[in-house]
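Hi everyone, thanks for coming. Please have a look at it first.

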Amino acid sequence: MGLHKLRLAAAVPVTFSSRLFLKPFTNTLTLGLFSRHLQPRNKPLLVRAFSASAAVQDIPATQTSDSSAARPLWKAAIDFKWIRDNKEAVEINIRNRNSNANLEAVLQLYENMVNLQKEVERLREERNNVAKKMKGKLEPSERERLVEEGKNLKESLVTLEEDLVKLKDELQHVAQSIPNMTHPDVPVGGEDSSAIRQEVGSPREFSFPIKDHLQLGKDLDLIDFDSAAEVSGSKFFYLKNEAVLLEMALLNWTLSQVMKKGYTPLTTPEIVRSSIVEKCGFQPRGDNTQVYSIDGTDQCLIGTAEIPVGGIHMDSILLESALPLKYIAFSHCFRTEAGAAGAATKGLYRVHQFSKAEMFVICQPEDSESFHQELIQIEEDLFTSLGLHFKTLDMATADLGAPAYRKFDIEAWMPGLGRFGEISSASNCTDYQSRRLGIRYRPSEPPQTGPKKGKANLPATKFVHTLNATACAVPRMMVCLLENYQQEDGSVVIPEPLRPFMGGIELIKPKHK
Amino acid sequence: MKGKLEPSERERLVEEGKNLKESLVTLEEDLVKLKDELQHVAQSIPNMTHPDVPVGGEDSSAIRQEVGSPREFSFPIKDHLQLGKDLDLIDFDSAAEVSGSKFFYLKNEAVLLEMALLNWTLSQVMKKGYTPLTTPEIVRSSIVEKCGFQPRGDNTQVYSIDGTDQCLIGTAEIPVGGIHMDSILLESALPLKYIAFSHCFRTEAGAAGAATKGLYRVHQFSKAEMFVICQPEDSESFHQELIQIEEDLFTSLGLHFKTLDMATADLGAPAYRKFDIEAWMPGLGRFGEISSASNCTDYQSRRLGIRYRPSEPPQTGPKKGKANLPATKFVHTLNATACAVPRMMVCLLENYQQEDGSVVIPEPLRPFMGGIELIKPKHK
C-alpha cells in the first residue's frame, strides 16, 4: 500500500508545478493574476502532472462539461477542517509513518480553496445584483454599462469557477495521500519497534535433518514450480495430489470455523475496475505496482478479496440496524510482487497467484476496536488449532500502510526457512476506506442533544469503519504445515482439524514409482 | 580450395565461392520466410474428423444418449436469477458496479454449494485414477495458441495482461497441456490423467442476446477439468471413459440431459470428435450446455511438442532413432469438463426449487455441505 510520490519541493508550500497557482490569492482579483488567458480552451496541463501515477483513463470522466478528460473519477470525503484543526497531530503522524504526504501543501491549498470559494460567491452575488438592476427602467448608456459589467463578471466567474474546480481537484489529490491516524498504543518506529501482543507454542525440536517445503514438495510430488516456470513464469506453481486436498481442506475448515462466528461466506469477482482498487488504498498504476492490469480496459486483477468486498457497499447509506456486516470471502489473489527481492521470495512464500480466505467487517465507529480484537482472536484460534508456533505483532507506525489505524500481523515459525514468516494481517482501517468508497450509515435514533440533523429530521449520516483480516492464505499455511509436520521418513502429518475435510487422510506418504 | 592451385584458378574459385555464398544467404532467408508462411497457413488446417461424426451444422448433431425427463412443476417456477435474489445467494448488481456486467458474488449457501460441487466432483473423479491439480491462471500467450485458441484476434475470448506476453486462462486445459510441453514421455508413464481445478476467465466478446442471462454466461467461473495424455491407439477409449464419467456425475445429481455427438461445423479446430452435454434448465425453458468432452488426437501435441517413446522397438519397420531407440511419436490429448460451477448452479437451483421458494440439495452433495439438505428462504 504505497503513497503518491509527490515531486514537490516539500518545504515551500506554494511552489507547485501546476502553472495555474503561482501566488496565494489576494482580495484584489484581476485577470492578470493568472498566467492564462481567456481563449478557446485547449486541454490544460494535467492538474496531476506531477504525480507519478497519473493515469490515462479509458472511460470518460463523469464530471463537469468543459473540464479536461483527466479529472479524477472519484473523491475521498476528506474532513479538511479536522485536518486543519489538528495539524500538529496530523504532522506527527505523517512523520511517524515515514509518509510522503505533504501537509503544508494541503493546508495551503485548503486555505486558497476557501478564499477562492468566497471570491466566487462574491462574484456571483455581484452578478445577481447586476441582473436585478437590469430588470428595472434604465437609461440606454446605463444599460449598456451594466451589460458590459455583467459580461465581465460572467467571464471572470467562468474563469474562477474553472480554477476552483482545479484547485479542489489538486487539494483532493494531495490530501488523499495523508495516511490514516494511528491508535495511541501503536509503537512508533520501524519494523524493530513492533510489539509482541502474544506468542503461542514453541519451535518443534527435530531429531533429524529437516527439509524445506520446496524439497518436501518435490519428494512427495505435491508442488511443481518447474513446469509453471515454462508455462507462466517464475513464482507460479501447480499443486498436485494431497496438496490439492490440503488446500481444499484448509479453505473448507476455515470457512466452517469462521461461519460459526457469524460471518457470511462470499466468493468475489477477481477482475475489478481500477478505481475500486484505488479507493481501498492501493495503487494500480505506480511503478512497482503490486497490481496486474488487464490490457485495453480500466480493469485490474485483485490482490485481495478486501477490494471487491469493500466495493459491495460503496456509495451506499446503510441502516444502523444492518451493522455490523461480517463477511468471510474466498478468492484467488494476484500480485506482481514487483520490487520483492532476495531470499524472501523462495518457493510458496512469495507467489503471483494464491487462494485466500479474507474476513471483512463493516461496523459503527465505536465498535471497530472490539471487532479488531475479535478478528485477531479468530486468527489466533485458527492457527493455534492447527498447532502452529507463532507470534502476534502490533505493527509499528512505519509498517502500517496508509489505510490502517492499527495492524496486527501474525508470523509463524517456518523451520525449513529457519525463520518466522507472516501468515496473516488484521487491519482496522477506521474510516479511511469508507470515506473513499462512500460507505455511510444512518444512526437509528436521532441524538437527543446535538446540532446536526439532515433532511426531514433524519439524523445525519456517518462514515462506517471497515476492518479486514486474513483467515487463511493457502501457500503460507502450506509452508508452515509441510515444514512443521514433516517426519523422519519423509512423510507429513495432517493436523487433526483438517482430516475430516480431507476424506480422513492422516498422513501424506512418499509415493513409490 | 584446399589443394594446390594456380593463382588464376584460385581466384576463379574464390569468386565462385563468393557468389555461391551470396546466393545461399539469399536463398536461406527465402527458405526461412517460406517455411514461416507455410507454417502459418498450415496451422489453421483443422484436425481430421472421426468417421462417425455427423456432417453439418448444429441441427445435425446426433444424440448419443438422453437421461431422465423434464420435471413437472405444479406451481409457477422461477429462474435461477430470481431464486438467487430471493434466497440471497447471488449478487449481480454490486458486481456490475465493482467489476462490470457478467460478474457476480456468490453468498451464503451458494458458496457452500460451489465448494460441495468441486469437492464431490474431485472425490468421484479421483476414484477413477485421475490426479488432482490446481494450476496457474496466468500463462504465456504462446501456450494459449499452442492449445488451439487465439489470444489476439478481434472478438478474442482471452484477457491479456497489460505490459506482458501473459494472458488469463479460459480453461485449465491450457496450463495442464503446458505441463508436458516440449517433452518426451516414456510409454510406461502413459496414460496421464488429471482432474484440474481453476478459475477461468473469458471475455465472451461477441456473445449476445438471451443466451447471456445470469450465471449462464459470465466472465469468471470455477471449473474442474479432466485432461488425458495417452497413446494414439487409446484415445477413442479414453474419450468414451471421459463422457461416461460426465454422464455418471450428472446422473448422480439427478439432472435431465442429453449427450450430443457434435456435427462437423461445431467441432472447433482441435477436436477430432466432441461430445457436448446439454442439461434441462426449466427456468430458462431450454437445454443448456454444461460440459464438453473433446478428443484432440495429436492436434495439440504437435503444437505443444508432447511426444512419447514406445518401450519396445518394433520388430519390423524401417524407422529407428539414434542408438536403436524407437522413434518418438506424438501423444493424443483429450479434455472434458467435470464441473462448470455456474452452469451446474443454474441446473440445480432451477430443477430443485420447491413451491415454498426453497431449494433441495441433491443427496450426493449433502455430506460436502455439512449435511445441509435444503436452502431455505431467510427471514429478515
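Let's begin with a term we need: a salt bridge is a side-chain nitrogen of Lys or Arg within 4 Å of a carboxyl oxygen of Asp or Glu. Keep in mind that what you see is a predicted model. Searching the whole structure with that rule gives 32 salt bridges over all chains.

Here is one of them. A:Arg122 pairs with A:Glu126, and their closest N and O atoms are 2.6 Å apart. Where do A:Arg122 and A:Glu126 sit relative to each other in helix α3 of chain A? They are four residues apart, so about one helical turn separates them. An α-helix has 3.6 residues a turn, so residues three or four places apart point the same way. A:Arg122 is partly exposed at 37% relative accessible area, and A:Glu126 is partly exposed too, at 28%. Salt bridges with shared partners also bring in A:Glu119, giving one network of A:Glu119, A:Arg122 and A:Glu126.

Now for a pair that reaches across the chain. B:Arg64 and B:Glu247 form a salt bridge at 3.1 Å, N to O. B:Arg64 is in strand β1 of chain B and B:Glu247 is in helix α7 of chain B, so this pair ties together parts 183 residues apart in sequence.

α7 of chain B runs over residues 235-252 and spans 26 Å from first C-alpha to last, close to the 26 Å expected. Its buried residues include B:Phe238, B:Leu242, B:Ile245 and B:Leu249. After the helix comes B:Gly254, with a positive phi near 80°.

Finally, the place where the chains meet. How many residues of chain A are in contact with chain B? There are 46, and they touch 46 residues of chain B. Together the two chains bury about 4000 Å², with 63% of that on carbon and sulfur atoms. A:Val231, A:Tyr238 and A:Thr267 supply 15% of the area chain A buries here, more than any other three residues.

And the salt bridges we started with? Across this interface the rule finds zero. On the chain A side, α7(A) gives the largest share, seven residues. By class, that side has 27 nonpolar, 13 polar and six charged residues.

Methods
Residues are numbered from 1 along each chain as its sequence is written. Chains are lettered from A and ligands numbered from 1 in the order in which they are written. This is a predicted model: local features need pLDDT of at least 70, side-chain atom pairs count only at pLDDT 80 or more; totals for chains, interfaces and linings use all residues. Side-chain values use heavy atoms; hydrogens and water are left out. Helices (H or I, at least four residues) and strands (E, at least two) are DSSP runs, numbered from the N terminus. The expected span of a helix is 1.5 Å times one less than its number of residues. Buried means under 20% relative accessible area, exposed over 50%, partly exposed in between (1.4 Å probe, protein chains only). Contact means heavy atoms within 4.5 Å. Buried area is the accessible area (1.4 Å probe) that two parts lose on being put together, summed over both. Ala, Val, Leu, Ile, Met, Phe, Trp, Tyr, Cys and Pro count as nonpolar, Asp, Glu, Lys and Arg as charged, and the others, Gly among them, as polar.
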